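Here is a brisk report on one protein model. Please have the sequence and the 3D view open as you read.

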Amino acid sequence: MVKHQPLQVYERQLCLSCITGIYGCRWKRYQRSHDDTTKWELLWSLILLFTFCLLLVWFYFWWEAHNDYNEFNWFLYNRSGQWSDGTVPILATTAAGFTYIAFLMVLALCHIALGQQLNLHWLHKIGVTAALLTTVVGVISVNQTWGQEWDVIPISLQATGPFLHIGALAAVTALSWIVAGQVARAEKTRFQVVVMLLYLSVLLGLYVVPLYITSPCIMDPTSLKQRPDVIGHQGAPMLAPENTLWSFQRALQMNVTGLEADVTISVDGVPFLMRDRTLRRTTDVGRVFPDRQMEDASSFNWTDLQQLNAGQWFLKEDPFWTVQTLSPREKHHIANQSVCSLEQLLKLASFHNSTVVFRLRRPPSEHPCYHSWINDTLQAVQQSGVPQSLVMWTPDEHRAQVRQMEPGLIQTSVEKQGPQSLHQQGISRLLLRYNQASPQEIRNFSESNINLTLHTINEPWLYSVLWCSGVSSVSSEASHILKKVPYPIWLMRPDEYCLMWVSADLISFAVVIGIFIFQKYRMSGMRSYNPEQIMLSAAVRRSSRDLNVMKEKLIFSEVGNGVGGAEELYVDNGYDYYTNQGISQ
């Protein structure tokens, strides 16, 4: 018996099968197609691209917002009344969503590079839709509750912009392989022109982006000012319970030059340190005074406040995920902390010759000290014996009266004003959130002899940017981290940056030209075809079902005893193998 050889020997293409199978559930060879992608699938490809870009920005936002995670959790606490780390579920879902969408984007690019038809599976379409809607809801929620945090993106670009530009340039340069292949295979001139224009527009845009990148860290190192002083915001709240004596002692161990606290006045006129309006979060008031845990902190007298423990909550909640790094001795100190008075803080600062800045909260109108709150605070300052030159006075109420009574206090404003207005009011220092002062404004305040302090600075990259901007001091919850930053993370001369920029552009341009030439040479003399279509195309169009059956027979048939040759497969399906013509019906 004569054994006929098959028309086509098919090699296993596991990589291609995985790519098309995972993306569109097209695991079998006959399910794949080199036809043009339908308009519906093109729409889904655009939705996938938009979702990827949105998630990329969202992921970058939360990555850079790490500086303010504690602020975000505090906002959530004020709204819900329950303390929890709300960043954990957000980071988990963002990382999972971004990884998933990025994986689909890679698969889509592989389809384009291999000339495969895009056909996103319906389960992936549901996943893309869920990721898109979830991200949109997250963006809207942040915009409504924490809108000021969006400023972290342009500020962070001052530190990451030059390097993100190099990364984006490398990615777009790598895409030239796919673009060149598509242009070389395309038969329509209009398609080639559109693709080339889009790609070149993006590429040229990246080439000139550095013209619009500004960073204070691109400067002459000889003009770098001295290292900004670090003020311990609420002490060292990452290492000890906030606003406790041990927290301020830990901050002083990290070589801070000042201490910052939040002050409330008790019902008997004793200023004490407390950030929240109630005592529920940072004390055991629910155990000692269960019926009063929802009352304002200022409604307690100093005797009652001294009965509360202000450290055990820190060991239990672990707000900064740092408890496991503490020694048994430190944990013992923390577990025995009590509510700290302003006088105790001032005595500690006086002993270490450290500056003190505190935010004073006025008690409610029905409070006995509603009218005397300024005098009560000044009395605590006098009783502590601290030199007036170490105290930064921030309340705007009765500032003129305070200046007359205590002329040595450092008058400090927490409201943004121009240098001229500050001088008219006799104010020499300004305390602002870091997003309220641009590099140019920082220089203007410095030239006007206004000492500017920005809060809250916890990340080395942000500290480095402000250092290069010329800020004189920062307030930080992470003094132990900033202690390890003896020099800006990066500093580059303008001519060095220009050389890096031009070199990157020239290398990218040379690589793109080389890839286009190679792809044109590689595709020359070749036609964009599918080997299956050479055997299966017929003059008479077949139904998709008959064609699929025919492909399966051709691919999976084996030549053996009792099995006909490949010619029979064609004849069975109404196709003349020798004449390449359909058999007349």
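N243 lies in the loop between β1 (229-233) and α8 (245-253). Helices (H or I, at least four residues) and strands (E, at least two) are DSSP runs, numbered from the N terminus. N243 is not a glycine, yet its phi is positive, about 60°. Its relative accessible area is 4%, so N243 is buried. Buried means under 20% relative accessible area, exposed means over 50%, and partly exposed is in between (1.4 Å probe, protein chains only).

## Basis of the model

The model is predicted: local features need pLDDT of at least 70, side-chain atom pairs count only at pLDDT 80 or more, and totals for chains, interfaces and linings use all residues. Residues are numbered from 1 along each chain as its sequence is written, and side-chain values use heavy atoms, with hydrogens and water left out.

## Overall build

The protein has 23 helices and 11 strands. Of its 585 residues, 48% are buried. Residues 24 or more positions apart account for 66% of them.

C25 sits in the loop between α1 (14-24) and α2 (39-64). Its relative accessibility is 38%, so C25 counts as partly exposed.

Where is T456? It is found in the loop between β8 (451-455) and α18 (460-469). The peptide bond from H455 to T456 is cis. Its omega is near -15°.

Strand β4 covers residues 355-360. Five of its six residues are buried, which leaves the strand mostly covered. Two strands pair if DSSP finds at least two bridges between them. Strand β2 (residues 258-265) runs parallel to β4, and six bridges join them. A261 has F358 in β4 as its bridge partner.

β4 also pairs with strand β5 (residues 391-393). That pairing is parallel and has three bridges. V356 stands opposite V391 in β5. Together, β4, helix α14 (residues 373-384) and β5 make a right-handed β-α-β unit. Right-handed means that, with the strands pointing away from the viewer, the path from the first strand over the helix to the second runs clockwise.

T355 belongs to β4. Is T355 buried or exposed? T355 counts as buried, at 17% relative accessibility. Leaving aside neighbours within four places in sequence, T355 is in contact with T257, G258, L259, L390 and M392.

## The second largest pocket

Rolling a probe the size of a water molecule over the atoms shows where empty space is left. The search uses a 1 Å grid over the protein atoms alone. A pocket is an open set of points where a 1.4 Å probe fits, with protein on both sides within 12 Å along at least five of seven lines; lining residues have an atom within 4 Å of a point. The second largest pocket holds about 800 Å³ of space. Grid points are joined across faces, edges and corners, and the volume is the space filled by probe spheres set on the points.

How many residues line the second largest pocket? The lining has 33 residues, and W74, N78, D262, R275 and R359 lie nearest the centre. α3 (69-80), β2, β4 and β7 (429-433) each supply at least two lining residues. α3 gives the largest share, six residues. By class, the lining has nine nonpolar, 13 polar and 11 charged residues. Here Ala, Val, Leu, Ile, Met, Phe, Trp, Tyr, Cys and Pro count as nonpolar, Asp, Glu, Lys and Arg as charged, and the others, Gly among them, as polar.

## Two loop residues

I427 is placed in the loop between α16 (419-424) and β7. At 2% relative accessibility, I427 counts as buried. Apart from neighbours within four places in sequence, I427 is in contact with R399, Q411, T412, S413, L422 and I450. I427 and N451 are 24 residues apart along the chain, and 9.6 Å separates their C-alpha atoms.

P407 is found in the loop between α15 (399-405) and β6 (410-413). P407 is exposed, with a relative accessible area of 60%. Beyond neighbours within four places in sequence, P407 is in contact with Q388 and V402. The C-alpha atoms of P407 and S389 are separated by 9.3 Å, with the two residues 18 apart along the chain.

Note on methods. Contact means heavy atoms within 4.5 Å.
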